[in-house]
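The following note collects points for a colleague reviewing the model. It is arranged as numbered paragraphs, each on one topic.

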Amino acid sequence: MPTTNASYWSSPPDELLQQLDASEQGLSDASVRARRTRFGPNVLRPRRRASNLVLLLAQFKSPIVLLLLFAAGLAAALGEHADALIILVIVLGSGLLGFWQERGAAGAVEALLARVRVKTTLRRDGVEVDVPLEDVVPGDIVILSAGDVIPADSRLLTARDLYVDEASLTGETYPVEKTPTTVPPEATLSHRTNSLFLGTHVVSGTGVAVVVRTGGETEFSQVTQHMSLGRTETEFEHGVRHFGYFLMEVTLVLVIAIFAINVYLAHPVIDSFLFSLALAVGLTPQLLPAIISINLAHGARRMADRKVIVKRLASIENFGSMDVLCSDKTGTLTEGVVRVHSAEDFEGAPSAKAQLYAFLNAHFETGFTNPIDDAIRADRSIDVVRFEKAGEVPYDFIRKRLSVLVATEGQRLLVTKGAVPNVLAACTRAETAAGHVLPLGEAKERIERRFAELGAQGYRVLGVAHREFGDGPLTPRDETEMTFAGFLVLHDPLKKEIVDTVARLSALGVSLKIITGDNRYAAETVGRLVGLDVHNLLNGPDIHLMSDEALVRSVGETSVFAEVEPNQKERLLLALKKAGKVVGYLGDGINDATALHAADVGLSVDTAVDVAKEAADIVLLEKDLGVLAEGVCEGRRTFANTLKYVYIATSANFGNMFSMAGASLFLSYLPLLPKQVLLLNLLTDLPEMAIATDRVDEELVARPRRWDIRSIRRFMIVFGTISSVFDYATFVLLLLVLRVTPATFRTAWFLESLVSACLIVLVIRTRKPFFASRPGRALGLSTLVVVTATLVLPYTAIGTLMGFTPIPAWLLLALGLIVVFYVGAAEVIKRRYDWQRL
């Protein structure tokens, strides 16, 4: 079987199936396995999960760690075997710790993503099965219906009223009709009407196709191979990257200066080099990626318990920072269970004709499943046996109407339903329930008045129109000179607890904005009932006339946007972002994909159409704002714990390393041996690893918070300086008052540095007094274990091997007093610190 078929669209179906060694009954399991091995996964760019070995080696890819390993090898070559071995063991232990945590995090995230993986329906061995998109292979038989994504480049075998949105590939605005008819080999992409392409999706109808090309062989891959397929970098990712650069710059300057000064002071070159590199390890955020991954993965697991599945871990920060949520009202604010209230003419009289025509339209249409047509079809009193479908023009978001051609008793009838203004645009007449026909100009004022009355009562209203149809195929151009038959009035009640839920979101600092295609009257009524300010309502025509600058000024003050076209959704979201908002968008329809991409965080639901679920960053297992509110809180807890680590890493670590650098300038020996610096760094990492499971104070969840590198730098300077002040107090005690030996100095300062670094975590982790906020069990336990082990270490054989010496109890007590004063000072300054700027 060839890897590609040059002009598969020009081959008759039977011939193409033979070329692909396939049949309409589908491939066998053995054939699928062989093709998967040959062609690989059906993805544009293979996503390979790193093997355990690759993940382990990645822990040692930092240039500073590699230099340290080289220096350790050099020390061994010069006869310093014990020190070299200890350094290697500590570096290896740190790497294994990061590997163990990252491996667990990656596995957990992979398991969560499997719960919301987009699947496609295939026929294999004569049985229809749902398989992940990446498992599709050439020769597979695909079963398609409205809302499905096209899994790979395929050739149609059969189709019924099949329309496909190819805008992402060809730029074509309107859905394209697809038929199995063979086309010439020279046909361009847009003229291959029998072909389906990866990256597009079905708007309406059904079809069966055979897969010809997958993954990198597809047209979509060829178009995008020179483009960046990655999403825009989130504020969180941008902040973490620049934070890393900032610390690396500080480290580089400090290390070079300290090495040069120690060499100038005639300290041993190898020891000075190792000491400088050890300082770099202590300063550089080498575990920052691992700890952030662990923290986000742990948060994703907690969010999954709240029925919120995170597809893109970096979006958790945006989810927690979100201060505007945009959503449609159907199924979110309302029950989503639409009921037909009535069918009536423009005078308000019940209309059997409008009811019949609406039913015929809903019964025969083949578009994506929607609650409105389901509600219309629920009426079992209408007999359609005498009607036969003869054609269809599917709904699209520009025409905002759907037409069905039916034949009955030698007559052909075109029936259209859709948004009232759009249906009226196709009409020249209107009729009453009694059969009186008027020119549209005479009836239009009464039609619009009745439409406004029904919308003001909270009803969703569709228009229904009809006309006789002659011979020939149906096209959108035939929607003209129709007769307006009346209104179909629909009722979708509000969810019972939605007012409380919207109020809770508001209390969390998240303002809700309704973006709907419904008429302004119904949208205004629903907005008012859920507690939104509806005075500044904007509708689609208003938005169309506004400049981008005017829209940016208006969106912040507007809570309800009605009669919005799909392309206007993206414009509204971009305007909100330009206004300084962090925007979430909740969508589950075919027309929501671009808006989901434009939002800071795209939200969808597990029952959404494939194209929406695939575009989303986060998937809700229930379409419920209450579930979303719980997810926001969990997202903020995750972000809060991530910031805790950042604050701790930048204050205590920076303070300790700066103190060591300063001490090396006036000591005749290194303040800590390189192996001791590395051990200090490793032991302080242990409690910090547990921050992911720490409790978070409610005030840190109450409002959105954003990443701010300037505030982090300011925090580092303030609290790092406090740490160094007490380090230098320790130096004064040990050097000027007690005049201790080098071994005692290193031991005492190691104990003071490590114990203070562990305890300061408990202070910085909360804005309350540290004794009023209980830490998480893992953090509290790991802190206790590390502090205890540190105090015992100098009295053990391992301590002797590390260059420590036992110190008397009275010195331990003196060091303890310094730590107590340090914790107290940090607590006092914390209370006076301007947290509002964080």
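**Notes on the predicted model**

1. Charge over a ring. Arg192 is placed over the face of Trp9, and its distance from the ring centre is 3.7 Å. The model under review is a predicted one, and the values quoted here should be read as properties of that prediction.

2. Aromatic pairs: Phe726 and Tyr822. Over the whole structure, the search returns 13 aromatic pairs. In one of these, the ring centres of Phe726 and Tyr822 are 5.6 Å apart; their planes meet at 40°, so the pair is classed as tilted. The pair connects distant parts of the chain, since Phe726 belongs to helix H25 (residues 709-737) and Tyr822 to helix H29 (residues 809-832), 96 residues apart. Phe726 has a relative accessible area of 17%, and because buried means under 20%, Phe726 counts as buried. Tyr822 is likewise buried, at 4% relative accessibility.

3. Aromatic pairs: Phe750 and Phe804. The rings of Phe750 and Phe804 have centres 4.6 Å apart and planes at 45°, so this pair too is tilted. Phe750 sits in helix H26 (residues 742-764), whereas Phe804 sits in the loop between helix H28 (797-801) and H29; the pair therefore ties together parts that are 54 residues apart in sequence. Phe750 and Phe804 are both buried.

4. Aromatic cluster. One aromatic cluster is formed by Tyr669, Tyr728, Phe731, Phe745 and Trp749.

5. The eight-stranded sheet. An open sheet is built from 8 strands with mixed pairing, in the order E8-E23-E22-E21-E9-E18-E20-E19. Its edges are strand E8 (308-310) and strand E19 (538-539), each of which pairs on one side only. E8 runs antiparallel to strand E23 (residues 618-620), and 3 bridges join the two. Within this pairing, Val310 has Ile618 of E23 as its bridge partner.

6. A helix across the sheet. Which strands does helix H17 lie across? Helix H17 (residues 520-529) lies across strand E18 (511-515), E19 and strand E20 (560-562), and its direction is at about 160° to that of E20.

7. Strand E12 and its neighbours. Strand E12 (residues 401-408) is mostly covered, with 7 of its 8 residues buried. Strand E11 (residues 388-393) is joined to E12 by 5 bridges, and the two run antiparallel; here Glu388 has Ala407 of E12 as its bridge partner. E12 is also joined to strand E13 (residues 411-419), through 8 bridges and again in antiparallel fashion. In that pairing Ser403 is bridged to Thr416 of E13. The hairpin of E12 and E13 has 2 residues between the strands, and Glu409 there adopts a positive phi near 55°.

8. Helix H24. Helix H24 (residues 674-689) contains 16 residues and extends 23 Å from its first C-alpha to its last, close to the 22 Å expected at 1.5 Å a residue. H24 is mostly covered: 15 of its 16 residues are buried.

9. Helix H15. Helix H15 (residues 440-456) contains 17 residues, and its reach from first to last C-alpha is 23 Å, close to the expected 24 Å at 1.5 Å a residue. The buried residues of H15 are Leu440, Ala443, Ile447, Arg450, Phe451, Ala452, Leu454 and Gly455. After H15 comes Gly458, which has a positive phi near 90°.

Conventions
Residues numbered from 1 in each chain as written. Predicted model: local features only at pLDDT ≥ 70, side-chain atom pairs only at ≥ 80, totals over all residues. Heavy atoms only, no water. Phe/Tyr/Trp six-rings, centres within 6.5 Å; stacked < 30°, edge-to-face > 60°. Helix = DSSP H or I, 4+ residues; strand = E, 2+ residues; numbered from the N terminus. Buried < 20%, exposed > 50% of the residue type's maximum accessible area, 1.4 Å probe, protein only. Lys NZ or Arg CZ within 6 Å of the ring centre and 35° of its normal. Pairing = 2+ DSSP bridges. Contact = heavy atoms within 4.5 Å. Axes fitted to C-alpha atoms, helices over the stretch in contact; angles between N-to-C directions. Expected span 1.5 Å × (residues − 1).
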